[in-house]
Amino acid sequence: MRYGVNEQGYYGDFGGAYIPEMLYPNVEELRQQYLNILNDEGFKAEFNRLLKDYVGRPSPLYYAKRYSEKYGANIFLKREDLNHTGSHKINNAIGQILLAERLGKKRIIAETGAGQHGVATATVCALKGIECVVYMGEIDIQRQAPNVARMKMLGAKVVPATSGSKTLKDATNEAMRDWINNPVDTHYIIGSVVGPYPYPEMVARFQSIISEETKNQLLEQTGKELPDYVLACVGGGSNAMGMFYHFLDDEAVKLIAVEAAGKGVDSGHSAATTSLGKEGVLHGSRTILMQTEDGQVVEPYSISAGLDYPGIGPQHAHLYKAKRAQYVSITDDEALQAGLLLSQTEGIIPAIESAHAFAYLEKMQFKKDDNVVICLSGRGDKDLDTYIKYFKY
Amino acid sequence: MNRLNQLFAKKNKDLLSIYFTAGYPDLNCTVDIAETLERNGVDFLEIGFPYSDPVADGPTIQESSQKALDSGMTLKLLFEQLKDLRKRVSIPILLMGYVNPMVQYGVERFCQTAAEVGVDGVIVPDLPMYEYESMYKPVFEKYGLSNIFLVTPQTSAERIRKIDSLSNSFIYLLSSSSITGGSLNVSDSIEGYYQRVKAMELKNPIVIGFGINSNKTYSKACEYANGAIVGSAFVKYLGSREDYMAGIPEFIQNIKG
């Protein structure tokens, strides 16, 4: 695979496993085991069964008629919002809990920003009866109260991250510290295509079900397996990686990754990593991240708690540098307007994360027979408060 | 032979190393603290260059790093402060920090500047063996800087051998698999780990760190290794009183006993 990972865990110049020695055995255990486990027939059978009967896959590929008329192209929505727990995050959580079980782990930790990954992890831990601790920035706990309640109801312990900026990057730091302190019995379910190798690769594989299904569904509906454009939002980039995965080697498919510009790329309140960041090391991998000249991580901003991460996954950094995918950005205002438009045009209230991808349609020019797939990565219930405040309902 | 090798050639037991964060508690205190520590019998020093996301550190060192950053500490400023270091301090000095600030400064420029101001080695917890060996080793060697590796109770014998072969000053043995700021644990299993490493008869000396906070823990660590490193306990002390310089002799005395 041209854009895939090499044996040392690098995608071109990016990736690797920049971790303290305290984490080496855990990460090495995963590196040695994950492919065997993922390729094991018993694992595959259980994973596929749970995806079908528990998650509700395949998620539909919905032809959005009114949207298509508006934008003058055939627009399809990959409905990850219809998954159990309301987003694509459950695909990875199911995969990793089955992996953790096979590794003999007794305790699960996770980090979460918007709470979708925390909810997905709490859900699969409840499903398997395994102890679950979710780290969440103190500020995110305040702005995502319904998801905090869901995690608690599912039996997870939600621990506030009170260091640094008290958001997702700090929750990630705290989860890593927990893992360092509990190296033997604990598995860390990372929620995005970030972290030390093999996480970016493993999470991408679990999420690649999105593009695998899309190919089949598109063929059924249009007679063509390859779309002209694929769009997805990017924080760390897990839904985008899943949406791009099976199209990476088909260069005719244009891949568009939409980052959060926040209040504007140059406003000082943004999470547009590829525009503002440069190469460096964050949370265990060499990637592109927002940082000061001195290499201190800059706190990103987005109205969407799921997109305000200061880096992107290393494979995204590679796709960006190799120009295989185009990285663009959308402001808070544009995303919220797009969320409203999707609600009123198609009857679907999207997560604000996903709304960023939809907003970019406004900036594109299509030919009328272009086939366009957008990943609708999550549903908007968790963001209702933000929508209510913005539109003054 | 750099200062570290000279030190270990001269003295191979009861070595005491102190870690402190550059620019904490005051932006310009770094060299003064180093000088005071040397005067009070500390054998070598680790000066931390602060980072915003120090995953291997506990709250004490993280807070000291954040305060130093808030006061304006940067790698560039630290190197400026260290310009006259060798006029005032003669014991070996290590810089300790995370890989990203080093990468942003430029690894070659970092190594060159460190060597110019008289730094002897570097401890970078998130720069693992593969990355060091495949990307940075020639640069470290060009400037005569030692890279110090960490070993934990979970590190395999095979990996310890490899670390020993890649090291040329000492190996940093962690008292437990944990972040900084815990307390030394000398349960049977940990004692077994020290003995296991000692029995390997490595070519490099061993210094134990993490959780060394008293004479008791320091003495215990010195039973199994050539010396011990005190970090969080000293950083906590520095933050505990206004006239922190005045109490340093007593702090060191209490550790050495």
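User: Before we start, how is a helix defined here, and what span is expected of one?

Analyst: Helices are DSSP runs of H or I with at least four residues, numbered from the N terminus. The expected span is 1.5 Å times one less than the number of residues. This is a predicted model, where local features need pLDDT of at least 70, side-chain atom pairs count only at pLDDT 80 or more, and totals for chains, interfaces and linings use all residues. Residues are numbered from 1 along each chain as its sequence is written, and side-chain values use heavy atoms, with hydrogens and water left out.

User: Thanks! What span does α8 of chain A reach, against the expected one?

Analyst: Helix α8 (residues 168–181) has 14 residues and reaches 20 Å from first C-alpha to last, close to the 20 Å expected.

User: Why is α8(A) called largely enclosed?

Analyst: Buried means under 20% relative accessible area, exposed over 50%, and partly exposed in between (1.4 Å probe, protein chains only). In α8(A), 13 of the 14 residues are buried, so the helix is largely enclosed by the rest of the structure.

User: And why does A:Tyr393 count as exposed?

Analyst: Its relative accessibility is 60%, so A:Tyr393 counts as exposed. A:Tyr393 lies in the segment after α16 (384–391) of chain A.

User: What makes the B:Arg159 and A:Glu21 pair a salt bridge?

Analyst: The rule asks for a side-chain nitrogen of Lys or Arg within 4 Å of a carboxyl oxygen of Asp or Glu. Here the N to O distance is 2.8 Å, so the pair qualifies as a salt bridge. Across the interface of chain B and chain A, the rule finds 2 salt bridges.

Key: Chains lettered and ligands numbered in written order. Helix = DSSP H or I, 4+ residues; strand = E, 2+ residues; numbered from the N terminus.
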